[in-house]
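I set out to record the surface, the fold and the charged pairs of this chain. The entries follow in the order in which I looked things up.

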Amino acid sequence: FNTMCKQLAGRRVFVFAISNLLYMMADAGLKLGNRRIFAPDSVITTGGGGKGMVLPEDWQQTVKEFFGVEHINILYGMTEMCGSQFLQCEHGHYHPEPNLIPFLLDIGTNTLLPRDGTRTGRFAFYDLLPNSHWGGFVTADEVTLEWDKPCPCGWSSPYIVGGISRIADKKTDAGEEKINCAATPEAYEDALEFLGDSR
């Protein structure tokens, strides 16, 4: 950490780390008296939430003060998205990249919810990028998706409104996260039928 601060001080850096690690690094740096140590056009990208750590409300300001930037790129995503993420716009909404098809499931029954209006449920998606494995995934996250109302930022896709929470934090029988498909025609047909009946 000290070597990084000394060798890269004043330089433009790119940092990509989950939010709790980014905050802990910034907090430790500020306590050592390191403020705005990198170039102001540095790029800071994060996501992942606290991962069990409750982040303070001013965590973003702490990160900005340490790194010396005015903006933080915040993403929502997971390893299973093949590198694609939901990017948070200036209005706090998360927008998917074009290859990600979002779905919402009823938390109690896992039935597919209609793709219209503003709806809250278990987040699922189909990723069009993978060609070596099944791209469908059911998460353990509860989100609210806006299907119809355009975002003021100008992006035309459906988008996640507000925060993202773990279903297990609210409900003890949250169930499995993944669609575990065996390499059989029946498994793919069942999954496609499940995801295809969207209305």
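Entry 1, surface patch. I find that Ile18, Leu21 and Met24 form a nonpolar patch on the surface, with about 250 Å² of accessible area together. Patches are made of residues with over 30% relative accessible area and no salt bridge; like charges are joined within 9 Å, nonpolar side chains (Val, Leu, Ile, Met, Phe, Trp, Tyr) within 5 Å. Accessible areas come from the Shrake-Rupley method with a 1.4 Å probe, and for residues only the protein chains shown count as cover. Leu21 lies in helix H2 (residues 19-31) and counts as partly exposed at 46% relative accessibility. I use buried for under 20% relative accessible area, exposed for over 50% and partly exposed for values in between (1.4 Å probe, protein chains only).

The model is predicted: local features need pLDDT of at least 70 and side-chain atom pairs count only at pLDDT 80 or more, while totals for chains, interfaces and linings use all residues. Residues are numbered from 1 along each chain as its sequence is written, and side-chain values use heavy atoms, with hydrogens and water left out.

I note four helices and nine strands in the protein chain; helices (H or I, at least four residues) and strands (E, at least two) are DSSP runs, numbered from the N terminus. From that end the elements run α-β-α-β-α-β-β-β-β-β-β-β-α. Of the 199 residues, 41% count as buried.

Asp27 pairs with Lys31, the closest N and O atoms being 3.0 Å apart. Both residues lie in helix H2, four residues apart, about one turn of the helix. Asp27 is partly exposed at 21%, whereas Lys31 is exposed at 66%.

Glu70 forms a salt bridge with Arg36, with the closest N and O atoms 2.7 Å apart. Glu70 lies in the loop between helix H3 (59-67) and strand S3 (73-76) and Arg36 in the loop between H2 and strand S2 (43-47), so the pair ties together parts that are 34 residues apart in sequence. Arg35, Arg36, Glu65 and Glu70 are linked in a network of salt bridges.

Is Asp141 buried or exposed? I find Asp141 buried, at 7% relative accessibility. Its side chain meets that of Arg166 in a salt bridge (3.1 Å, N to O).

Methods:
A salt bridge is a side-chain nitrogen of Lys or Arg within 4 Å of a carboxyl oxygen of Asp or Glu.
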